[in-house]
Amino acid sequence: MLVPRAVYRLAVEPAEPWRDACPGGHPLTGPGRGWLGRARCAACGPGRDAGHIGGTGSGARAGQPDDTGRGADTGRGADTAPRPRSAAPGRTGQAEETERSGLTEETEETGRSNEAEETGETGRREETEEAGRTKDTGRSDEAEETGRAGRYGPAPVLASAVAALVCGGLAAAAGPRPELAVWLLLVPFALVLAFVDVAVHRLPDVLTLTLPVAAAVLLGGAALLPGAGGSWATALLGGLALAAVHLLMFLINPAGMGFGDVKLAMTTGVALGWYGWPVLFAGTFAGFLTGAVHGLGLMALRRAGRKTALPFGPYMMCGTFLGLLLGGLGAS
């Protein structure tokens, strides 16, 4: 349940600082300087959002044309003007010419009046359509904001379900051995890295540089306890060896692997190396195989191309999970 907030704070571009406020701008507070807590802002809850959105919706409705928009109909006032009288039989030709001029002016005035009336009606129709579009847009924005209900980051149900599946599998494979506590402690941090890598295609140094040290220290303590099922020395060598292999691949093809994956390899190498070199090879191969299968599946569904960049961190951790399952079952 604490994973989504950490993911939200760390999922930023490399040049940007870590987030310290919710999407609504309210500062993140709580234990651990705001790092621990649920990914939900009370100030952005449904009640407050509804008040803000209601004001916006009312503004959209206020944008509709009112009765004063009929001012364009005032052009009809030209019809009320007195029309010229019919010419008397005894009038001179000059009077008849004057009468014809009056009729011509009346015709032109009536045409202008009709044109003004049509222009007014067109303007009213355009205002009505624009107001309708504004109202619809306000409703869609209101639905979107209300659906968020002050939440941010990945869905907590998804994070909890994945964590439960991974922890349950590791517990079933490792059994009541000291290293199980180490695996369970590393799971939430691995989930944070996976979600961040999927979101912004980066692996924060604050985790990739501290997790290998923490894993090595914790496994060193587990090796001192009775019933340990691995080797601490092999774990240290495995971390160095796997990081060196990933560094070599990064130098050969920087576009195919990020340097964050090289740093993550130190942690996965320490964990896999605990159960020996065969498990290290199997877990590493499982990571590459998982990434290849997923990439081919996306290409088959036309959701990705040959040059589409995919985050490799989640595949590395998936391979590590499969390797630990194999190692735990083998050590039973």
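Helices (H or I, at least four residues) and strands (E, at least two) are DSSP runs, numbered from the N terminus. The structure described here is a predicted model, in which local features need pLDDT of at least 70 and side-chain atom pairs count only at pLDDT 80 or more, while totals for chains, interfaces and linings use all residues. Residues are numbered from 1 along each chain as its sequence is written, and side-chain values use heavy atoms, with hydrogens and water left out.

The protein chain contains 11 helices and zero strands. Read from the N terminus, its elements follow the order α-α-α-α-α-α-α-α-α-α-α. Of its 332 residues, 36% count as buried, where buried means under 20% relative accessible area, exposed means over 50%, and partly exposed lies in between (1.4 Å probe, protein chains only). Contact is defined as heavy atoms within 4.5 Å. Among contacts between residues at least 6 apart in sequence, 73% join residues at least 24 apart.

Helix 4 (residues 156–174) and helix 5 (residues 179–200) pack with their axes 10 Å apart and at an angle of about 150°. Helix 4 is therefore roughly antiparallel to helix 5. In this description, axes are lines fitted to C-alpha atoms, for helices over the stretch in contact, and angles run from 0 to 180 degrees between N-to-C directions. Angles under 35 degrees count as roughly parallel, over 145 as roughly antiparallel, 65 to 115 as roughly perpendicular and the rest as oblique. The crossing of helix 4 and helix 5 is right-handed; a crossing has this hand if the near helix is turned clockwise from the far one by less than a right angle, and is left-handed if anticlockwise. From helix 4, the residues Leu158, Ala159, Val162, Ala163, Val166, Cys167, Leu170, Ala171 and Ala174 meet Leu180, Trp183, Leu184, Val187, Leu191 and Phe195 of helix 5. By class, this contact of helix 4 with helix 5 has 15 nonpolar, no polar and no charged residues.

With a relative accessible area of 0%, Leu193 is buried. Not counting residues up to four places away in sequence, Leu193 touches Leu203, Pro204, Leu207, Thr208, Leu211, Leu264 and Met317. One of these residues, Met317, is 124 residues from Leu193 along the chain, yet their C-alpha atoms are separated by 9.2 Å.

Met317 is one of the buried residues of helix 11, which also include Gly313, Tyr315, Met316, Gly319, Thr320, Phe321, Gly323, Leu324, Leu325, Gly327 and Gly328. The buried residues of helix 11 are covered by elements including helix 4, helix 5, helix 8 (232–252), helix 9 (259–273) and helix 10 (277–300). Helix 11 (residues 313–331) has 19 residues and should span 27 Å at 1.5 Å a residue, which agrees with the 27 Å between its end C-alpha atoms. The expected span is 1.5 Å times one less than the number of residues.

Helix 9 packs with helix 11 at an angle of about 5°, their axes being 10 Å apart. The two helices are therefore roughly parallel to each other. In this pairing, Asp261, Leu264, Ala265, Thr268, Ala271 and Leu272 in helix 9 meet Gly313, Met316, Met317, Thr320, Gly323 and Leu324 in helix 11. By class, the contact of helix 9 with helix 11 has seven nonpolar, four polar and one charged residues.

Several residues in loops were also examined. Most residues other than glycine have a negative phi. His201, although not a glycine, has a positive phi of about 55°. His201 is placed in the loop between helix 5 and helix 6 (205–208) and counts as partly exposed, at 42% relative accessibility. Arg302 likewise has a positive phi, near 60°. Arg302 lies in the loop between helix 10 and helix 11 and, at 80% relative accessibility, counts as exposed.

Gly150, in the loop between helix 3 (93–148) and helix 4, counts as buried at 10% relative accessibility. Pro27 is found in the loop between helix 1 (3–10) and helix 2 (46–62) and counts as exposed, at 61% relative accessibility. Leaving aside neighbours within four places in sequence, Pro27 is in contact with Asp20 and Ala21.

Terms used
Ala, Val, Leu, Ile, Met, Phe, Trp, Tyr, Cys and Pro count as nonpolar, Asp, Glu, Lys and Arg as charged, and the others, Gly among them, as polar.
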